[in-house]
Protein chains: 2
Amino acid sequence: MKKLVAGIDVGGTNSVFGLVDETGKIYAEGSISSVKYKDFDVYLQVLCDGVKSLSVKIDEPHEVIGIGVGAPMGNYYNGCIENASNLVWQGTLPFAAKTGVHFPGIPIVLTNDANAAAIGEMIYGGAKGMKNFVVITLGTGLGGGIVVNGEVLYGHDGFAGELGHIIVTVNGRECGCGRRGCLETYASATGIKRTVYKLLADHIGDSALKNISFNELTAEMITTAAIKGDPIAIEAYRHTGEQLGRALADLVAITVPEAIFLFGGLAKAGKYILEPTRQVMEENMLFLWRGKVALRLSEINDKNAAVLGASALAWKTIKEQ
Amino acid sequence: MKKLVAGIDVGGTNSVFGLVDETGKIYAEGSISSVKYKDFDVYLQVLCDGVKSLSVKIDEPHEVIGIGVGAPMGNYYNGCIENASNLVWQGTLPFAAKTGVHFPGIPIVLTNDANAAAIGEMIYGGAKGMKNFVVITLGTGLGGGIVVNGEVLYGHDGFAGELGHIIVTVNGRECGCGRRGCLETYASATGIKRTVYKLLADHIGDSALKNISFNELTAEMITTAAIKGDPIAIEAYRHTGEQLGRALADLVAITVPEAIFLFGGLAKAGKYILEPTRQVMEENMLFLWRGKVALRLSEINDKNAAVLGASALAWKTIKEQ
């Protein structure tokens, strides 16, 4: 009988899930709202029913042998989501334990989104066979999944790898965390929007981006403009790569990965983000590592990346049992 | 029969060694010059003879069951010292393999000084029972030993944890590595000397440190002056703590240790280094970790610390066999 695992990604707006085999092939997918059910237990009931209903869509005989979950503030150690500011349920949510009631007898493992992305890269993507690497998720914010000697670096409390909140500029941009100058205020979809507006303030000359309000502007629009040769858009990516490249050079000194993978919305800009980041990273690295640490785009298909990452966590757990 | 291991610390000037039991008690010690023997094989012969001769000094029947080595640019993975700029022998030195010829049949393991210090803290010192912690060595330079889930973070090439070469100030002080603004240009014995001279340049008012030339000045003198209330010396420690505290706040976001231990010359300044470092680290940490990561002085007796650290690596290896 075909063995599958469920991958569940808990997002601020939607929760998506799928049944996945060990090669990363998704057999069925679904999603529910993350905001509609204010009661966490009701939400979990609907979510688990949704996961169970996927089996009906698959003709091939199969069994679900594990569940992996990626969630904001997901703690691998205890299976809880802890005080996630972008979810409607507050406090500590025993996600894995309560999901276990709906799926008795199979392993249910949970981690945060960036760690799930890293495990996805390791199991299905460009990090296959690597023991030491980093995945940087460039979405609304910036996340990091650090793999050391084949294992995710969780740290003492389960929340290590918070690369978005390294301070790269003293007294820099205001961050949602209450501090200033965090990496994600520069290197993220939100960060590059701020950089575009800073550049439009500082420079004269034409740019297609002058017609778009801050709230309307998306990273995708900036990428489209860059591809068309818009100087502000290209410069915005250069600034983004500069901040990211400096931070990655320091990260290399601390963890010495074999490769660093860029993942998520901004990574879709390809060379526009990759080249300036690589250049500044190389310039700022200690001589020991120059030319030795690969900076690459994630090889995980972005459309299903979150579900794949979560499912990879389940496969990793099952294989190690 | 009493079981002992040999701990060997290869320094730029001297190589010290000792026979140590599993509680950290040193039964005998010795040292040889690291500069006198230009031929590496001759040096190693003298060193190994020195280690063997220690046994004669010990009345109790014993056997040496392993050897741990701490060395600059020591690579745990291959047992080699690789291109250490402060040693007289250049290139890649197969230290562990060649030592094995003199001590057949017992494990011989090598790592760099800071990693040895971290293992020493774990086996004999304040990090007993901890799975995630960091040791910062504050000597002529700054080194880092990062322990993740009970194991030293070696990274892809064996040289991870190079915290002295995180860049803390863009276009900052010149560093011996050829770049600018590295943490160790501020937070180290050499760094605080530079800070004293900067403060003497910027400020008027009296200071005992005005009578000492740059080359004569030592971190110990600065500590003595601070204890006597010298404002320049106290301010120099505050500056040092500020740079170190910022870097440690970022390090916490990446690795989330349970505790960070300060070790080496500057750590002897006690509260003068600890308090400003802790204050700035707390101010700069993400809310998740405020008040939760201990910053402490190493509990390893500094006099024998290098030998103890190296011996701890041997004990760790033996216990895991």
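Helices here are DSSP runs of H or I with at least four residues, numbered from the N terminus. With that in hand, welcome to the close-ups of this predicted model.

**View 1. The end of helix H5 in chain B.** Helix H5 itself spans residues 219-227 of chain B, and its buried residues are B:Ala219, B:Ile222, B:Thr223, B:Ala225 and B:Ala226. Looking down the axis of H5(B), these buried residues lie within an arc of 160°, so they line one face of the helix. As a reminder, an α-helix has 3.6 residues a turn, so residues three or four places apart point the same way. And what do the buried residues of H5(B) pack against? Their partners are helix H4 (189-202), H6 and helix H7 (271-284) of chain B.

**View 2. Where chain A meets chain B.** Each side has its part in the contact, with 31 residues from chain A and 31 residues from chain B. On the side of chain B that touches chain A, helix H6 (residues 231-255) of chain B gives the largest share, six residues. Sorted by class, this side of chain B holds 16 nonpolar, nine polar and six charged residues.

**View 3. How the two copies are related.**

**View 4. A parallel strand pair in chain A.** Strand E12 (residues 259-263) and strand E13 (residues 294-297) of chain A pair in the parallel sense over four bridges. Opposite A:Ala259 you will find A:Ala294 in E13(A). Between E12(A) and E13(A), the chain passes through helix H7 (residues 271-284) of chain A in a right-handed β-α-β crossover.

**View 5. Two loop residues with positive phi.** Most residues other than glycine have a negative phi. A:Asn149, not a glycine, has a positive phi near 50°. A:Asn149 sits in the loop between strand E10 (142-148) and strand E11 (151-152) of chain A. In chain B, B:Met73 has a positive phi of about 55° although it is not a glycine, and its loop runs between strand E4 (62-70) and strand E5 (74-75) of chain B. Is B:Met73 buried or exposed? With 20 other C-beta atoms within 10 Å, B:Met73 is buried, while A:Asn149, with 15 other C-beta atoms within 10 Å, is partly exposed.

Definitions and conventions
Residues numbered from 1 in each chain as written. Chains lettered and ligands numbered in written order. Predicted model: local features only at pLDDT ≥ 70, side-chain atom pairs only at ≥ 80, totals over all residues. Contact = placed C-beta atoms within 7 Å. Nonpolar A, V, L, I, M, F, W, Y, C, P; charged D, E, K, R; others polar. Pairing = 2+ DSSP bridges. Right-handed = clockwise from strand over helix to strand, strands pointing away. Buried ≥ 20, exposed ≤ 12 C-beta atoms within 10 Å, placed from the backbone. Arc of directions from axis to C-beta.
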